[in-house]
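Have the coordinates open as you read.

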Amino acid sequence: MNGGDEGAESAAQASPPQPLEWKFSQVFGERTAGEEVQEVDIISAIEFDKTGDHLATGDRGGRHGGSRRDLERMDYSTSRHPEFRYKTEFQSHEPEVQEKKVKKIADMNVDPSKAVGNGNVASSSNNVSPKPYLANGGSPSKEFSFPPGGIPSLRLPTVTSNETSLVARCRRVYAHAHDYHINSISNNSDGETFISADDLRINLWNLEISNQSFNIVDVKPANMEDLTEVITSAEFHPTHCNMLAYSSSKGSIRLIDLRQSALCDSHAILFEEQEAPGSRSFFTEIIASISDIKFAKDGRHILSRDYMTLKLWDINMDSGPVATFQVHEYLRPKLCDLYENDSIFDKFECCLSGDGLRVATGSYSNLFRVFGCAPGSTEATTLEASKNPMRRQVQTPSRPSRSLSSITRVVRRGSDVPGVDTNGNSFDFTTKLLHLAWHPTENSIACAAANSLYMYYA
């Protein structure tokens, strides 16, 4: 590195980047006022590919991709940034059918001989076959045939298309590959393997081996009554194909090395924050449970999200997080109510910008928060998943508060939310923004509010 680069780097450290101004870009599937959202339509996953040219979404009904109908309803456009267009979609699985619907279908007594090719059912009041009719309304009296050599004056249209249509096809179903809910799937940087994780196990898969997987982590005790924690999220290191991390319901993150042993029950590094003396309560373990972890692009840091906070960890320092961002501190007096309505078990995701300077996560009332994590940054912005995202913007605090915990370089920011009382009464806990993703190379965020996908750029 030459002297000019060193000077630029020191200047960047001395002057943290200015807070970003976020603008609305696109919305897919925005519901109208009073429109009821079906459970199967709620978006449950969002992810960019490594290039950022493609964005995948999934919903609870097992559908992946986009919808032409939703795209046609998009009523906002701009040429200042790239827009996403519908590519393809597929159905990964069929959602469970409600019992009432099953009874209705069973009562129909449909004759399978009357099924038509498009999957619909052709019903008839009697067994008499309907007469065929021509397009002009007449009825054919005899079969029509073309004369030898055809009809020279007849010109049939031809259909051509330059678009490539992608169709997904299920190649194989692995029964009982996981006995519990799969919470994570992560591709490896080697391009050959990936992991899938459920509450108790992490399996390693090879793309070239289709008949088996390899169990690398198993936390299931011999007696399930002895179970004290479960796996909540797992992700491969972005550049080291032998390393991965997984989080637990006890608020810990374990970094493991696949070179150590075939079964990675022992971790290489353990990251967890020690409890303050006398701070333990009935809710301590519940709110400490980590719902999501993400590696930074350079692999040096890990971002984790628990119910109350975002934490940034340095993989070279296991004494504690290097930064803590308060997200739900105003809800602490409401923990009893949140426990009663199960909101305390909501699993919010987190994400980092490609340059590693900012982090983001969701909250209630379809809000999400963006924090600056560069040294000296005080950026803490609250945005709403709507066409006016800055409507709920948070004013930047003058300086981050510091305490004795600053010895470990911990910075705590974002605990004050203007216009919200200490009990959080103005927030709607029935609307929540759980899923979001940051573009890998640009300051662009995609987030899901119920069945709607919102895009923002800065």
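Let's begin with Ile42, which sits in the loop that runs between β1 (23-28) and β2 (43-48). Keep in mind that this is a predicted model. Which residues does Ile42 touch, leaving aside its neighbours within four places in sequence? The contacts are Val37, Gly58, Asp59, Arg60, Ala450 and Asn451. For Gly58, the separation from Ile42 is 16 residues in sequence, and the C-alpha to C-alpha distance is 8.6 Å.

Next comes a sheet. Four strands make up an open sheet in the order β18-β19-β20-β21, and their pairing is antiparallel. At its edges stand β18 (350-352) and β21 (380-384); each has a single partner strand, so one side of each has no neighbour in the sheet. On average, neighbouring strands here are turned by 20° against each other, direction ignored.

Three of these strands are listed here with their residues:

| Strand | Residues |
|---|---|
| β18 | 350-352 |
| β20 | 367-372 |
| β21 | 380-384 |

How many bridges join β20 and β21? The two strands pair in the antiparallel sense over five bridges. Val370 has Thr381 in β21 as its bridge partner.

Finally, let's turn to the surface. Ile151, Leu154 and Leu156 form a nonpolar patch there, and together they have about 290 Å² of accessible area. Ile151 belongs to the loop between α3 (99-106) and β6 (184-187). Is Ile151 buried, partly exposed or exposed? With a relative accessible area of 35%, Ile151 counts as partly exposed, because that class lies between the 20% limit for buried and the 50% limit for exposed.

Key: Residues numbered from 1 in each chain as written. Predicted model: local features only at pLDDT ≥ 70, side-chain atom pairs only at ≥ 80, totals over all residues. Heavy atoms only, no water. Patch = residues over 30% accessible without salt bridge, like charges linked within 9 Å, V, L, I, M, F, W, Y side chains within 5 Å. Areas by Shrake-Rupley, 256 points an atom, 1.4 Å probe, with all protein chains shown as cover. Salt bridge = Lys/Arg side-chain N within 4 Å of Asp/Glu carboxyl O. Buried < 20%, exposed > 50% of the residue type's maximum accessible area, 1.4 Å probe, protein only. Pairing = 2+ DSSP bridges. Axes fitted to C-alpha atoms, helices over the stretch in contact; angles between N-to-C directions. Contact = heavy atoms within 4.5 Å.
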